[in-house]
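Please read the following note with the sequence and the model side by side.

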Amino acid sequence: MSTSPTPATDLRRALLDADPKLSRFNPLPRILAHDDFQTGTHGWTELIGNFDGNGNLRTVDDHMRDFRPPQLSSCTFFDTGTHGALSGTYALKLATRPIAGHTAVGIRRLTMAGKGLVQLETYFTYKSEATLGKDPANNSFGGVEWDGNLHPSEAQFGALTVATDICGDGGTRYHTVARYRNTTLDNALDRRWVYPAVPEPTPREHVQGKASLAYLADFTAPDPDDWKPFSDPMELCYNEVPTKVNWHYLRWLIDTDARKNVELQINDRIIDMRDVPVPVYEEKYESLETLLNFYFSVRTHSNVRNFLFLDSVLISVDW
Amino acid sequence: MRHTQTAVLERGEDFSSDFATEPYEVAWAGEARFFVQRLEDTTGEVELRTQISPDGITWVDAENTPTVRLDGTMVTWSVREFGGWLRVSGTVSGLARLRIYLVCKG
């Protein structure tokens, strides 16, 4: 999104450009959060489903009870030691278990002091855990043969997702969601951005008997057929092996006034998302007025741990 | 002000055989403390060892931390100079439902 330059906007951009930590971002007028993980997790925490009045965590939905605690990672690997982040040593890392279908989720919880444009920017990278063994079969996975350039590790990475959970106007709740589906569930490279055509199943729907999902269910949209592409295949920079870290720029713009997606930028590619549907829950929700949550998730489609690394995150608004 | 972070490594899982928690990165921290809680009167015998790793893949017992028995409803122990990763390795006889916290400070 661009606006006509004025002396004030020119000065603002010049001030941003003079700050090495901010010049890499293109924030909207008000910065709500600038999360540089050199100084902690900045409110990015593990998502969990809801529990009963006794704090009994056995009452948490099975598919929302094990999204794993985020980690402050030095991006250290077995072959070269500490890689470090884009700036400084530490990045936020989400890590799955080594179980096909397992998902790790980090969430940040805000509320809305207004309506309008909301933008999330981050520098991210994604890796599968390295396999250390002696089996020649490890040179092949998901149709990828190790040839000195392509590495089977790339096909062991499932998907990464950026999403919101938003509620307002008397309990009207919806999610905006963008997922990079690196591989299909049968581990073939797919590399498309996809969205869910249905709203996420909620703990209340479980209590009401409308939904009951297994431990490894895809919590955002359990039916694979409900995920629809909104891009052509987009090759990113996995960089061959599981131990090289190249940071990608992501900028995602939504409109909370219109309850719509606007656009998604990945490095030099901008995808118009205005026609990507945003499913709204039919029933109203209580206790969530002005809710503005963001989450990142990583989901493995193989029995290999998948990692999503975030160097930094910036959330800005035009209100 | 010092940084602190509490991770819930296991939230109430049933263990009936040997196990190890998922790798957890702690290179930023100077000290850490585990808390292991037994939930809901499960009676399995539990022994716990602190393990460390240079890469998050290959593990070894921490040299200065003894094996800990979970005799009551909760046991705790502290660790220092652990490098980049921590996990707990457990030996279980019978059934034990466990909640495992790792509290780090740097």
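The points below treat chain B, then one of its strands, and finally a residue of chain A.

1. Basis of the note. This is a predicted model, in which local features need pLDDT of at least 70, side-chain atom pairs count only at pLDDT 80 or more, and totals for chains, interfaces and linings use all residues. Residues are numbered from 1 along each chain as its sequence is written, chains are lettered from A and ligands numbered from 1 in the order in which they are written, and side-chain values use heavy atoms, with hydrogens and water left out.

2. Fold of chain B. Chain B contains zero helices and 10 strands; helices (H or I, at least four residues) and strands (E, at least two) are DSSP runs, numbered from the N terminus. The radius of gyration of chain B is 13 Å, close to the 13 Å that the globule rule gives for 106 residues, so chain B is as compact as a globular protein of that length. That radius is taken over C-alpha atoms, and the rule is 2.2 Å times the number of residues to the power 0.38.

3. Interior and contacts of chain B. Of the 106 residues in chain B, 53% are buried (buried means under 20% relative accessible area, exposed over 50%, partly exposed in between, with a 1.4 Å probe and protein chains only). Among the contacts in chain B with a separation of 6 or more, 83% are between residues 24 or more positions apart; a contact means heavy atoms within 4.5 Å.

4. Strand 9 of chain B. Which strands pair with strand 9 of chain B? Pairing requires that DSSP find at least two bridges between two strands. Strand 5 (residues 45-53) of chain B runs antiparallel to strand 9 and is joined to it by nine bridges. Strand 2 (residues 19-20) is also antiparallel to strand 9, with two bridges, and strand 3 (residues 24-25) pairs with strand 9 in the antiparallel sense over two bridges. Ser89(B) in strand 9 stands opposite Ala20(B) and is the bridge partner of Arg49(B). Seven of the nine residues of strand 9 (residues 85-93) are buried, so this strand is largely enclosed by the rest of the structure.

5. Leu292(A). This residue lies in strand 19 (residues 291-299) of chain A. Leu292(A) is buried, with a relative accessible area of 0%. Not counting residues up to four places away in sequence, Leu292(A) touches several residues, including Leu32(A), Met112(A), Ile166(A) and Trp319(A).
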